Amino acid sequence: MAEALQAVKGMNDVLPPDSARWEWFEEKIRVLMARYAYCNVRTPIIEPTALFVRGLGEVTDIVEREMYSFEDAMNGDRLTLRPENTAGVVRAMNQHSFLREGGRRLFYIGPMFRHERPQRGRYRQFHQVGAEALGFAGPDVDAEQILMCRGLWRDLGLSEGRDVRLELNSLGQAGERQTHRQALIAHFEAHVGALDEDARRRLYSNPLRILDSKNPALQPVLDAAPKLLDYLGPESLAHFAAVRAVLDAVGCEYRINPRLVRGLDYYNLTVFEWITDRLGAQGTVCGGGRYDTLIEQLGGKPAPGVGWAIGIERLLLLLQEVGIAPAIPGPTVYAIVPAPRALAPAMAVLEALRQAGVTVAMNAGFGSIKSQFKRADASGARYALIFGDDELARGEAACKDLRDPASAQRCLPLADAAHWAKELRNA
Ligand code: ATP
Ligand code: MG
């Protein structure tokens, strides 16, 4: 036998019955997005490498070491499998002049690719759902986006506080970060002996990112570092206060985390993360914030933006951890066809039922009636329809209510499938 091929390391198959959980989750997303009037966008999973280098920043984890980049063998173009999708959405909006008539509220669901060490909650192909509001400068939209996530936690049955909590910070504007940066570098220079290799490497290229380090040995130095919030001017502070005022009015709890800086260069003002303590080190289920200079940086007419992304695998792991399992309905009808000669008349009836909107499962040729009944039961179907020889000879099929074992078997005339369809659908 030929050697069996395997999926690429860190890239997963989503198979039944697990795929039904994904569909359930995606349906929740579609309902949520409709409630907030966000429209779906679908952009390519491959983009020019320059989009991410320019958009995310050269000294970021993603651009430095996580991107799947390659040369197009046909023409030598530098391409990258998208590691995130804010840059792609902005590219598309710019390319199609979509912000000409005002702001846009958009969402996407799809695969992202990062070359990281695979572990629970961290994969090389993973999936994100993301929301982006482009062209809106006001703090109301920052708050709206945070509240959308909160609405989703509720829809999914997650408890705010116990299962997920909100962390909030403001990164101010570039000028404010510049002043803070000087103070930060001075602080780290004074403690250079306590820094690890990664921090030393970033000391002058991206000192803010050092605050994001998870290295326990660094924590005292990071905790003592100058806080960006203390360097914000009145406008940035007012924006932050306005976001908080909405959250307070709605009763959305949060913790201000002065060390929350996010991993990409495009953020300014509000940044936030939804965190869980139930998944160990992979505890961030959602991250987002404002990016008021990204659109211009990627060649568009200057316009503000704000967005978030949820890691779907991580969120599904969290739901599992908490014990939230969607009720996945079985088919309405499971057809039992004991003999090949019954197949044609049975399938004619089943086709009529399916056309009328009844969900029907059938596995012809799967053994004895007894084993077919077992399968029917395991499928979660409400009814078994039995196309036995005796019934067919009378122009009927037998119908058994699998969820009510005490009920009598009924006979249904084959000629009257449309009538049953109504009855079965309403049962
Ligand atoms: P982390 O700090 O865990 O590496 P990140 O800051 O790199 O996360 P973002 O770029 O903000 O993550 O992406 C948003 C969300 O996407 C994360 O909060 C997480 O839930 C999910 N995510 C990011 N990278 C991965 C990955 N390699 N595998 C699975 N999910 C991921
Ligand atoms: Mg990361």
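**Salt bridges**

I began with Glu160, which forms a salt bridge with Arg150, the closest N and O atoms lying 2.8 Å apart; the term requires a side-chain nitrogen of Lys or Arg within 4 Å of a carboxyl oxygen of Asp or Glu. The pair links distant parts of the chain, with Glu160 in the loop between H5 and strand S7 (165-170) and Arg150 in helix H5, ten residues apart; helices (H or I, at least four residues) and strands (E, at least two) are DSSP runs numbered from the N terminus. I noted that this is a predicted model, in which local features need pLDDT of at least 70 and side-chain atom pairs count only at pLDDT 80 or more, while totals for chains, interfaces and linings use all residues. Residues are numbered from 1 along each chain as its sequence is written, chains are lettered from A and ligands numbered from 1 in the order in which they are written, and side-chain values use heavy atoms, with hydrogens and water left out.

For accessibility I took buried as under 20% relative accessible area, exposed as over 50% and partly exposed as in between (1.4 Å probe, protein chains only). Glu160 has 28% relative accessibility and therefore counts as partly exposed, whereas Arg150, at 9%, counts as buried.

I then looked up Arg290 and Asp142, whose side chains meet in a salt bridge (2.7 Å, N to O). This pair also links distant parts of the chain, since Arg290 belongs to strand S10 (residues 284-290) and Asp142 to helix H5 (residues 139-156), 148 residues apart. Arg290 is buried at a relative accessible area of 0%, and Asp142 counts as buried at 0% as well.

My next entry is the salt bridge between the side chains of Arg162 and Asp163 (3.5 Å, N to O). Here Arg162 counts as exposed at 54% relative accessibility, but Asp163 is buried at 0%.

**Helices H13 and H16**

I found helix H13 (residues 343-355) packed against helix H16 (residues 417-426) at an angle of about 50°, with their axes 9 Å apart; axes are lines fitted to C-alpha atoms, for helices over the stretch in contact, and angles run from 0 to 180 degrees between N-to-C directions. In the contact (heavy atoms within 4.5 Å), Val349, Ala352 and Leu353 of H13 meet Ala417, Trp420, Ala421 and Leu424 of H16.
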